[in-house]
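Thank you all for coming. Before I say anything, please take a moment with the sequence and the structure on the screen, and then we will go through them together.

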Amino acid sequence: MSGSRLLGTGSALPRRIVTNAELASRVDTSDEWITARTGIRQRHIAGEGETTSTLAIAAARAALADAGVEASSIGLIVLATATPDNTFPATATKVQAALGCTGGIAFDVAAVCSGFLYALGVADSLLKTGMARRALVIGAETFSRILDWEDRTTCVLFGDGAGAVVLEAPTAAAAGDPQAPGIIATRLHADGTCHDLLYVDGGPSTTQSVGYVRMRGQEVFRHAVVNLADVLKEVLEEAKVSVDEIDWVVPHQANARILDATARKLGIAPEKVVMTVQDHANTSAASVPLALDVARRDGRIRAGDLVMLEAMGGGFTWGASLIRM
Ligand code: UT7
């Protein structure tokens, strides 16, 4: 069965840019270390009045405008975030209220940096069952609010932002046409035994506080390259597509070295990999839709292109999705 079609993309970033040099004036780090180890040069950090929902709403509006559809036609909102406005209700319901499309389905997905892939997979499945005809799938984060600004091993790595896509249920006419636009294959995984390698040391049911990001970076790095290469191969096999047929890879933007190593492992040319980590740092669930929107708007990704999305994050969770634009 063919998958849901991507009608438009949008993104939003906080106004304030924080450079490596500015961070180096606050914590024991340097522009040289951050650039060499991660590829990051700057990140956007949410200021007063900017929250996960305000960024998500701006990205959703941009995606709706790009798709040329009315908010009233959206029957499903799936929002991926690890930094919701509130513990409950879901930030997706705030987006729904702001867009004025109440009555449909709206909920959040918690899969941290792979959240957008999980949200896309869930939305595609719901659209295929007829639960809704059109969906907004959003990744939005304000990770700056859960960073320990005295821990140089994590605080230099993350940024804030949001990205969104509009999805439409597949049509009967597209079924069986390998060139038809839409999601071709998605694979999602989790391994809960890796909890302690990347987690937040707080939460409503444990500490009654929000907590801070804790990460054993080198171990996460090693798992990321192996897991991402494996899941990309799985998706290619399921789609019966060879690696050479991929036009663009849009990976989760955690570290330029992870992107390079994964592409090398699979024999993907580096110029086919969309990289935005230098400008946005790691925006968790927002990074894939943000990078997708950047590459569509600058004219790299066009209609008909075969695009692989992939991500890995806390849990561990990881996944990939192949889409014909
Ligand atoms: O999005 C979810 C997935 N997350 C990831 O994929 C992140 C994966 N991990 C990474 O990207 C990398 O492991 C990091 C960027 C986090 C770290 O890079 P690394 O090359 O693995 O560095 P390291 O942790 O081995 O640290 C090397 C050195 C250490 O000093 P010593 O022990 O060699 O003296 C650290 O203390 O760098 C030191 N260090 C820093 N120095 C300056 C750690 N953070 C910093 C810093 N500035 N910000």
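This is a predicted model: local features need pLDDT of at least 70, side-chain atom pairs count only at pLDDT 80 or more; totals for chains, interfaces and linings use all residues.

Which residue just after helix 10 takes a positive phi? That residue is G299, where phi is about 90 degrees; helices here are DSSP runs of H or I with at least four residues, strands are runs of E with at least two, and both are numbered from the N terminus.

Residues are numbered from 1 along each chain as its sequence is written, and side-chain values use heavy atoms, with hydrogens and water left out.

Let me begin with the whole chain. The protein has 10 helices and 13 strands, and its C-alpha trace spans about 60 × 45 × 40 Å along the principal axes. The radius of gyration, taken over C-alpha atoms, is 18 Å, which agrees with the value near 20 Å that a compact globule of 325 residues would have; the globule rule is 2.2 Å times the number of residues to the power 0.38. Of the 325 residues, 55% count as buried, where buried means under 20% relative accessible area, exposed means over 50%, and partly exposed lies in between, with a 1.4 Å probe and protein chains only. If we take contacts, that is, heavy atoms within 4.5 Å, and keep those with a separation of 6 or more, then 76% of them join residues 24 or more positions apart.

Now back to helix 10, which covers residues 287–297. Eight of its 11 residues are buried, so this helix is largely enclosed by the rest of the structure. Among the buried residues are P289, L290, A291 and L292, and so is D293, which has a relative accessible area of 2%. What does D293 meet in a salt bridge? Its partner is R297, at 2.7 Å from N to O, a salt bridge being a side-chain nitrogen of Lys or Arg within 4 Å of a carboxyl oxygen of Asp or Glu. Because D293 and R297 are four residues apart in helix 10, about one helical turn separates them.

By this rule the count for the model comes to 18 salt bridges.

E168 counts as buried, at 10% relative accessibility, and R5, R133, R134 and E168 are linked in a network of salt bridges.

I would like to close with the backbone. Most residues other than glycine have a negative phi, and most peptide bonds are trans. Which residues other than glycine have a positive phi here? Q208 is one of them, with a phi of about 55 degrees, and it is found in the loop between strand 9 (198–200) and strand 10 (213–215). A281 is another, with phi near 60 degrees, and this residue lies in the loop between helix 9 (277–280) and helix 10.

As for cis peptide bonds, one runs from F88 to P89, with omega near 0 degrees, and P89 lies in the loop between strand 4 (76–80) and helix 4 (91–99). Another cis peptide bond joins G315 and F316, with omega about -10 degrees; F316 is found in the loop between strand 12 (306–313) and strand 13 (317–324).
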